[in-house]
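Look first at the sequence and the 3D structure shown here.

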Amino acid sequence: MAAWYSLIDLVLARLDAEAAHGVALRALKSGLLPADRRADSPSLAVRVWGRSLPNPIGLAAGFDKNAEVPDALLRLGFGFVEVGTVTPRPQSGNPRPRLFRLDRDEGVINRFGFNSDGAEAVLRRLALRAHLAGIVGVNVGANKDSPDRVADYVRLIETFAPLASYFTVNVSSPNTPGLRNLQQGHILDDLLAKVIDARERVREKAGDTPVLLKIAPDLSLAELDEVVHVARSRRVDGMIVANTTLARPSTLRETARAKEQGGLSGRPLFRLSTRMVAETYVRVEGAFPLIGVGGIDSGGAALTKIRAGASLIQLYSSLTYKGLRLVEDIKTDLASTLLRTGRETLSEIVGADAATITAEDWPV
Ligand SMILES: Cc1cc2nc3c(=O)[nH]c(=O)nc-3n(C[C@H](O)[C@H](O)[C@H](O)COP(=O)(O)O)c2cc1C
């Protein structure tokens with residue numbers, strides 16, 4: 001297994017970023033990566049939304065946009081996988097190049113713009129795996145040229161409810177013009193009301209599918225106040241904090257690449273997104289759990305995100321730099337930290353540092 005990892009990592013490090021992603025997907029599809037990993041430590045198990053997850057580490061949206069390899073990813077050791085963003089109708093997204101590596105910063109900029117095979121194709125793939133175990137969430141978004149974006153979300157909830165372990169309502173991609181406006185108080189309220197209504201309409205045949213809201217790390221604290229207020233009053237089941245940022249931290253070393261338009265992720269997003277997790281955590285007051293995502297590239301970073309307020313975490317960009325073994329490395333680190341500190345589960349430290357983090361200077 002280790003040899004395969006090294007070989008694939010070597011290939012990926014030398015390819016154009018989007019081509020590398022295609023190679024990774026094909027390798028996973030071919031079953032080239034054998035599943036000989038160890039079972040997760042029982043201390044890493046998490047219970048959330050009435051479900052048990054073997055560990056809290058998820059693959060973030062955007063890697064498996066079209067649900068081609070969720071089970072291969074679960075076999076690699078992720079505790080859950082989020083597919084999508086899926087749009088109702090197929091669309092090709094923005095012209096290439098649209099994915100850029102900021103190597104010296106261990107960051108990524110993407111402006112894919114929701115390239116999606118569309119709901120029908122993704123539904124067909126998920127139906128084929130419906131008999132299999134494992135948490136597979138579906139991240140939903142609107143078509144770029146949609147005349148009624150709210151209706152797009154509603155349609156996707158109705159379509160995917162029988163097959164989704166949870167939904168992510170993605171209103172935070174920076175690459176679909178105007179999408180982030182859906183985070184504005186009254187617009188978000190209308191969207192979430194209709195999405196939750198849709199979930200209730202199909203509850204009898206599809207069960208009680210959790211609905212999560214994924215937000216941008218670029219919200220002001222006043223905007224975050226409003227978003228959390230609406231999310232709580234509409235009783236969403238969780239929030240994912242956060243998507244990519246439009247900001248370009250002054251510390252970036254790849255200054256030419258940093259000028260590319262799109263959302264920045266990876267290590268340069270870590271501080272801002274962790275701050276947003278803590279800010280969200282203190283506002284949510286335990287009403288629902290958070291998934292923390294942004295720049296997690298080690299066990300230490302995962303732990304910081306959890307202590308900021310994340311019950312679950314997700315990652316994507318760091319896989320480009322650290323390779324697929326990162327998932328096992330993080331799990332080993334988390335389990336040994338628990339053992340060393342005499343704690344039985346990670347839930348004991350969720351949010352332990354939220355107050356401290358929110359009191360620090362704003363990350364720039
Ligand atoms: C290439 C790429 C594509 C992405 N596509 C999506 C997407 O379709 N939907 C979404 O909600 N987030 C998408 N994201 C954002 C990630 O899910 C995640 O929120 C963000 O990258 C921060 O995590 P990271 O620093 O671990 O990558 C994408 C990120 C990258 C790098």
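Which residues are exposed on the other side of helix 8? Before the answer, some conventions. This is a predicted model, in which local features need pLDDT of at least 70 and side-chain atom pairs count only at pLDDT 80 or more, while totals for chains, interfaces and linings use all residues. Residues are numbered from 1 along each chain as its sequence is written, and side-chain values use heavy atoms, with hydrogens and water left out.

Helices (DSSP runs of H or I, at least four residues) and strands (runs of E, at least two) are numbered from the N terminus. Helix 8 covers residues 221–233. Its 13 residues should span 18 Å at 1.5 Å a residue, and the end C-alpha atoms are 18 Å apart, which agrees; the expected span is 1.5 Å times one less than the number of residues.

Leu224, Val227, Val228, Val230 and Ala231 are the buried residues of helix 8, where buried means under 20% relative accessible area, exposed over 50% and partly exposed in between (1.4 Å probe, protein chains only). They cover an arc of only 160° around the axis, so they are on the same side of helix 8; the arc is that of the directions from the helix axis to the C-beta atoms. An α-helix has 3.6 residues a turn, so residues three or four places apart point the same way. On the other side of helix 8, the exposed residues are Ala222 and His229.

The buried residues of helix 8 pack against helix 6 (185–201), strand 9 (211–215), strand 10 (238–241) and helix 9 (270–284). Contact here means heavy atoms within 4.5 Å. Met239 is found in strand 10 and is buried, with a relative accessible area of 0%.

Turn now to the ligand. Among the 25 residues around it, Ala61, Thr85, Gly266, Gly295 and Ser317 come nearest; a residue counts if one of its heavy atoms lies within 4 Å. A polar side-chain atom of Thr85 lies 2.7 Å from a nitrogen atom of the ligand. Backbone N or O atoms of Gly266 and of Gly295 each lie 2.8 Å from an oxygen atom of the ligand.

Asp297 lies in the loop between strand 12 (290–293) and helix 10 (299–308). At 10% relative accessibility, Asp297 counts as buried.

Key
A polar contact is a pair of N or O atoms within 3.5 Å; within protein, one must be able to donate a hydrogen and the other to accept it, and residues adjacent in sequence count only if both atoms are side-chain atoms.
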